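Let's take a walk through this model, from its overall layout down to a couple of helices and a hairpin.

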Amino acid sequence: MSDASVARPEAEDGGARQVTVTLPDGATRTYPAGVTGADVAADISKSLAKAAIAAKHDGRLVDLTRPIERDVELALVTMRDKPEAEELVRHDLAHIMARAVQEIWPDVKVTIGPVIENGWYYDFDRKEPFSTEDLERIEAKMREIVALKDPVTTEVWDRDAAIRHYEETGEPYKIELVQAIPAGEPIRMYWHGWWQDLCRGPHLVHTGQAPADAFKLMSVAGAYWRGDSRNPMLQRIYGVAFRTKKELDDHLHMLEEAQRRDHRKIGREMSLFHMQEEAPGMVFWHPDGWTVYRALEAYMRRRLDAAGYREIRTPQVVDRKLWEASGHWEKYRENMFIAEVQEEHAQEKRVNALKPMNCPCHVQVYNHGLKSYRDLPLRLAEFGSCHRYESSGSMHGLMRVRGFTQDDAHIFCTEDQIEQECAGFIALLSSVYRDLGFASFDIKFSTRPEVRIGSDAIWDKAEAALEAAARAVTEDYEVDPGEGAFYGPKLDFKLTDAIGREWQCGTFQADFNLPERLGAEYVTESDERARPVMLHRAILGSFERFIGILIENYAGRFPLWLAPRQAVVATITSDADDYAREVTEALKAAGLRAEADVRNEKINYKVREHSVAHVPAILAVGRREMEEGTVAVRRLGAKGQETMSLEAAAKALAEEATPPDLKG
Ligand SMILES: [Zn+2]
Ligand SMILES: [Zn+2]
């Protein structure tokens with residue numbers, strides 16, 4: 001045993017009390033109570049003692065120095081345990097950054113500094129704003145603190161002592177935090193070397209376990225204390241951190257790429273769409289952007305037709321009575337756009353809502369005419385225009401909007417048909433994703449929550465059906481216990497894009513509730529009335545967001561079948577103007593979206609301009625091409641050009657521009 005500082009409570013008979021520690025491989029070891037993870041690591045091997053950064057007691061992440069007072073399952077955490085190590089590294093760096101700031105500017109007040117995705121932030125009260133040079137200075141100081149390998153220690157204090165301490169050190173925000181800790185919860189103090197902070201922990205063993213070359217301070221932003229605008233404005237410094245320099249470099253590269261591929265920037269460069277103040281979160285599609293939209297919509301329509309869906313169209317403005325019946329008025333009211341209208345001869349205004357989702361309208365179509373078991377499964381699809389109120393702060397280009405069009409469909413079926421419908425859906429979804437340039441996707445399976453409707457028998461059946469369908473495509477699906485909707489279990493489908501970002505797009509949800517609420521039924525084989533199950537499903541999610549994802553995934557360089565302008569015929573000399581028009585007509589006749597550029601500009605200027613606009617094929621024509629009946633084809637991103645006959649060029653481009661589902 002190495003750690004003499006740990007108190008070892010003795011058993012009442014005076015002999016040392018023993019605890020049994022069970023390791024992950026099932027092996028057990030016995031130690032005197034009060035033994036720590038550090039002691040056990042040292043007992044196992046020297047290398048483990050060095051590598052251990054924290055411990056898990058019965059699955060709970062704690063300090064390596066936390067005494068073990070009863071029998072536990074013990075796991076020793078090292079840098080190899082990615083999520084735990086990242087959490088610890090980011091958390092410790094938050095403390096180390098705050099210490100660095102106070103070493104440089106002792107009068108700065110500290111507040112809180114939580115771990116966030118990829119890093120952390122810490123809020124400081126300082127009059128002067130932090131500059132870029134300040135961030136560099138803080139980073140350098142942080143590296144000094146890491147190099148010191150200062151031990152991290154912890155103690156539990158009583159409330160009065162903690163408040164006195166922060167009164168003495170002049171940290172008013174910490175006093176507020178201490179006062180807010182509920183009675184009965186420990187007030188835990190941590191030290192990184194001399195520097196102290198209030199914290200729940202856990203932490204690394206010493207500052208040297210934080211990687212000096214795998215973090216970076218990114219930016220400063222204003223933030224109100226406790227997010228309340230009546231409180232003082234603080235300065236929030238954001239940092240990112242990983243376990244290794246390689247992981248940090250990869251992340252920084254991804255951020256650069258994401259910026260280069262930003263769909264709002266590319267949307268401007270290619271004049272695909274714009275948004276403006278008069279319609280926040282709604283898209284004004286320009287001709288080229290709408291061409292992409294139509295190509296994608298036509299593709300989806302063909303795929304749904306082929307998969308046995310029937311397309312419908314339902315109203316956008318619907319009386320609140322239907323939303324009351326569906327439950328949306330009660331649960332979703334603050335997200336709905338309301339349209340009141342004074343009907344002729346009516347006493348009161350009629351209150352309508354713009355539909356935030358299509359489901360209740362689809363049940364109305366289902367309910368028209370008595371359905372029998374022979375009609376099931378009935379797959380009703382709609383490219384449904386929906387509106388949802390989103391706060392202005394949460395909107396982001398095409399990715400988060402208020403007006404959008406879902407590739408929505410609802411399958412009405414019997415309980416026994418869920419599995420086959422789910423399998424059919426996943427097959428369609430994977431084929432669509434492949435066609436749209438995404439080789440793989442992840443599945444998340446969300447199971448029954450505590451509060452739910454429907455019998456356990458039907459949940460058993462539906463969960464088994466969804467899980468079997470998921471397992472048929474991958475063993476590697478993620479399970480999110482208890483995260484299903486109250487009305488049924490669901491599968492979510494996440495794409496990975498060209499720079500490794502994940503996007504949740506597809507969804508498949510079983511619903512036992514809405515058919516009940518809206519009175520959907522069918523006549524069974526034995527001539528009885530029964531409720532169908534309703535399956536909500538989408539592949540793209542919304543056209544708007546999915547086009548945003550496509551723009552970023554392809555960095556604006558769409559495959560030919562989706563490109564708004566597929567070919568531009570550019571003249572080298574004005575002698576070839578008529579020939580250029582002839583070539584353009586031939587390309588159009590072959591089904592291509594082509595146009596002529598006969599401006600009196602140098603060919604290099606034209607090529608540069610069309611390349612910036614991501615036109616996939618530029619066909620240069622001059623006197624020689626005209627005389628020989630050829631074109632010089634330059635492909636976007638490729639060096640050089642290839643001269644071929646007009647006929648061959650038109651044929652090759654038309655073949656390439658054929659949507660994937662129509663290729664032979
Ligand atoms: Zn902490
Ligand atoms: Zn739905």
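## Ground rules and layout

This is a predicted model, so keep in mind that local features need pLDDT of at least 70, side-chain atom pairs count only at pLDDT 80 or more, and totals for chains, interfaces and linings use all residues. Residues are numbered from 1 along each chain as its sequence is written, and chains are lettered from A and ligands numbered from 1 in the order in which they are written.

The chain splits into domain 1 (18-77), domain 2 (82-255), domain 3 (273-314 + 358-554) and domain 4 (567-659), with bounds taken from an automatic or database domain assignment. Between the C-alpha centres of domain 2 and domain 4 there are 59 Å.

## The cores

A nonpolar core here is a set of buried Ala, Val, Leu, Ile, Met, Phe, Trp, Tyr and Cys residues joined through C-beta atoms within 7 Å. Buried means 20 or more other C-beta atoms within 10 Å of a residue's own, exposed means 12 or fewer, and partly exposed is in between, with C-beta atoms placed from the backbone.

The largest core has 90 residues, and Val-569, Leu-619 and Val-621 touch the most other members. Domain 3 and domain 4 both give residues to this core, so it lies between them. Apart from it there's another core, of 49 residues, including Val-62 and Ile-237.

## Helix α4

Helices (H or I, at least four residues) and strands (E, at least two) are DSSP runs, numbered from the N terminus. Helix α4 (residues 132-148) reaches 25 Å from its first C-alpha to its last, close to the 24 Å expected at 1.5 Å a residue; the expected span is 1.5 Å times one less than the number of residues.

Which residues of α4 are buried? They are Ile-138, Met-142, Ile-145 and Val-146. Seen down the axis, they fall within an arc of 100 degrees, so they line one face of α4; the arc is that of the directions from the helix axis to the C-beta atoms. The face turned away carries exposed Glu-133, Glu-136, Ala-140 and Ala-147.

## Helix α14

In α14, the buried set is Ala-462, Ala-465, Leu-466, Ala-469 and Ala-470. Their arc is only 125 degrees around the axis, which puts them on the same side of α14. On the other side, Asp-456, Ala-457 and Asp-460 are exposed.

## A hairpin

Strands β12 (residues 187-192) and β13 (residues 195-198) pair in the antiparallel sense over 4 bridges; pairing requires that DSSP finds at least two bridges between strands. Trp-191 has Gln-196 in β13 as its bridge partner. The hairpin leaves 2 residues between β12 and β13, and Gly-193 in the turn has a positive phi of about 65 degrees.
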